[in-house]
Amino acid sequence: MTYLITGATGDVGSKVVNHLLQRGNRPRVFVRNAQKAQALFGHRVDIFVGDLGEPASFRSALEGVDELFLVNSGPQIPVLDELAAKAAKAAGVRHLVKLSSMDVQHGLAIGAWHELGEAAIRASGISFTFVQPTGFMSNLLAWAKSIKTEGIVRASTGEGRRAFIHSEDIAAVATAALTMPEYDGESLPITGPEALTFAEATAKIASAIGKELAFQPISDQEAGQRYSVVSGSAAETEAHVSLWRAIREGRLATVTDNVERILGRKPIPMNQWAIENADAFC
């Protein structure tokens, strides 16, 4: 089998590549930066350079591919997913695994973009699996600056809960979907082992770094103002504010058992992630 991994230098994509390497495969990676891919994987992968928004560069990478792992982000998800699915179908790719979001179940914020992307993939006629994680533990690295400089985490999520998931679990499930046809045609909503408030997540980081931290609730308006400093667009800012509001309203606290069902082990807990990443917060 020939595997093509997009987003291969990112958090999840790089782990999927490593899982395939551990299985004895030599995957292809589709990246913007060949030097970064070379630094991560050496000569163990075949590197194709391009952009999913440029179909010609993607088509050459797809030649002879059986399985495609697709990663897109931001408001362009629906457009890029459609382009990729159509190109993969035309190239004879057997199966596409999309890194989606569990938030498609609610049709809000970032989940709405993924919902449209999923619809475009279905419409293309290609065989698919949608891996739908909840919020990534690694997204909490965004708290590093305020933790290091102030000892404070600010969020507009109130007492709402989120079953944060480790990117290693996401990658392991994605690899299973790529390598095991029994998951063809399925949507796989996956979560961590427990739904935590953001205050509880803050406490787990505090325990890992041995430092007292405070959680400070803020308004949607302040959350939007703070996120707009790093956001790519107004639409992206509004999507995140809507997501945090939905968490506060208790709409995104679901915990599933799919990680254990697929991998045969419990999902990785937040305290382990916090220990692994303690240096980032010190």
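In this predicted model, M270 touches M137, L140, F164, L196, A201 and K204, leaving aside residues up to four places away in sequence. M270 is also one of the residues that touch the most other members of the largest nonpolar core, a set of 35 residues.

**Nonpolar cores**

- Alongside M270, the residues with the most contacts to other members of the 35-residue core are W143, I147, I205, W273 and F281.
- Two or more residues of this core come from each of α5 (109–124), α6 (144–150), β7 (152–155), α8 (198–209), α9 (220–228), α10 (234–248) and α12 (270–276), and among these elements α10 gives the most, with 6 residues.
- Another core, of 31 residues, lies apart from the largest one, and its members include L20, L21, F41 and V97.
- As general background, nonpolar side chains in soluble globular proteins tend to be buried together.

**Packing of α4 against α5**

- The axis of helix α4 (residues 77–91) comes within 8 Å of the axis of α5, and the two cross at roughly 20°; because angles under 35 degrees count as roughly parallel, α4 is roughly parallel to α5.
- The crossing in which α4 passes α5 is right-handed.
- On the α4 side the contact is made by I77, P78, D81, E82, A85, K86 and K89, while α5 contributes W113, H114, L116, G117, E118, A120, I121 and S124.
- Sorted by class, the residues in this contact of α4 with α5 are 7 nonpolar, 3 polar and 5 charged.

Notes. Residues numbered from 1 in each chain as written. Predicted model: local features only at pLDDT ≥ 70, side-chain atom pairs only at ≥ 80, totals over all residues. Heavy atoms only, no water. Core = buried A, V, L, I, M, F, W, Y, C linked by side-chain atoms within 4.5 Å. Buried < 20%, exposed > 50% of the residue type's maximum accessible area, 1.4 Å probe, protein only. Helix = DSSP H or I, 4+ residues; strand = E, 2+ residues; numbered from the N terminus. Contact = heavy atoms within 4.5 Å. Axes fitted to C-alpha atoms, helices over the stretch in contact; angles between N-to-C directions. Parallel < 35°, antiparallel > 145°, perpendicular 65-115°, else oblique. Left-handed = near helix turned anticlockwise from the far one by under 90°. Nonpolar A, V, L, I, M, F, W, Y, C, P; charged D, E, K, R; others polar.
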